[in-house]
Amino acid sequence: MLFSRLKLHQMKDQFDRVVIVGSGPTHFKYYDLIKFQKEPIFFINQTHQLSHFSPSPHKYFFTHHISEYSNVLPTTIWIRRRYLSQHSYSGVVKTNIRPKNKYLTVDCRVLGYVGTPELLKSHPWVLNKNEILKRKCFLALFGTITTAIHFAWFCGAKKITFIGCNPSSGTFEHDPRMGGKMIYAPERVHENTLLLPQYFDIQVEHL
């Protein structure tokens, strides 16, 4: 059973544009998030700490790692369960911890390497929006951001403004203001950050 306070159907086709904030290198001044007065903003993992800069009433926080981030300000989209399509077993995040704020739980299907939009078209886990509502399951092409991109499409986004999520940056280091670096399949994260907007015909800009 999925425990949720926010209902998934409330998010379907609600937004034309989404801002996604990741922890990668960017020259963007985080206090300029104040410019996004109404746009929905998706914060990835530790970037939730930047949410206070934005006055937007639509702030969401995406993570697999709820044990690290149980108490944050934005509404949590908790990616609770991972199904590994290339193996015969399902990987489950085992924790008794629940988000302390308003939240929605979803699952994700790990596709592994896809490569091109053409190959993605034939994949059985590219669900239409009604199927997503039934299964509450999104794509995970390595990295939390890929689930956030798929979720943005579900929300109706025709444009995504990326901050700190530029696959052309040439580095897997995080922004020095965030610290750390990408540790899980960073090449795939970059590949699929390019792939998904192409497949879903979403216009992108990088700040």
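**Pocket, cysteines and a buried asparagine**

The model is predicted. Its largest pocket is lined by 34 residues, and those nearest the centre are Asn45, Gly143, Thr144, Tyr184 and Val189.

User: Which element gives the most residues to the lining of the largest pocket?
Analyst: Strand S4 (75-84), helix H3 (144-154) and H4 each give two or more residues to this lining. The top contribution is 3 residues, and it comes from H4.

User: How much space lies in the largest pocket?
Analyst: Rolling a probe the size of a water molecule over the atoms shows where empty space is left. For the largest pocket, that space comes to about 820 Å³.

User: How many residues of the lining of the largest pocket are polar?
Analyst: The lining divides into three classes. Charged residues number 3 and nonpolar ones 14. The polar count is 17.

User: Is Asn192 buried or exposed?
Analyst: Asn192 sits in helix H4 (residues 186-199). Beyond its neighbours within four places in sequence, Asn192 contacts Leu141, Phe142, Thr146 and Pro197. Its relative accessibility is 1%. Buried means under 20%, so Asn192 counts as buried.

User: How many disulfides are there?
Analyst: A disulfide needs two cysteine sulfur atoms within 2.5 Å. By this rule the count is 0.

User: Which cysteine has the sulfur nearest to that of Cys137?
Analyst: Cys137 is in no disulfide. The nearest cysteine sulfur is 6.6 Å away and belongs to Cys108.

User: What is the relative accessibility of Cys165?
Analyst: Cys137 counts as buried at 3% relative accessibility. Cys165 counts as buried too, at a relative accessibility of 10%.

Technical notes: Residues numbered from 1 in each chain as written. Predicted model: local features only at pLDDT ≥ 70, side-chain atom pairs only at ≥ 80, totals over all residues. Heavy atoms only, no water. Helix = DSSP H or I, 4+ residues; strand = E, 2+ residues; numbered from the N terminus. Buried < 20%, exposed > 50% of the residue type's maximum accessible area, 1.4 Å probe, protein only. Contact = heavy atoms within 4.5 Å. 1 Å grid on protein atoms, 1.4 Å probe; cavity = no way out; pocket = protein on both sides within 12 Å on 5 of 7 lines; lining within 4 Å. Points joined across faces, edges and corners; volume = space filled by probe spheres on them. Nonpolar A, V, L, I, M, F, W, Y, C, P; charged D, E, K, R; others polar.
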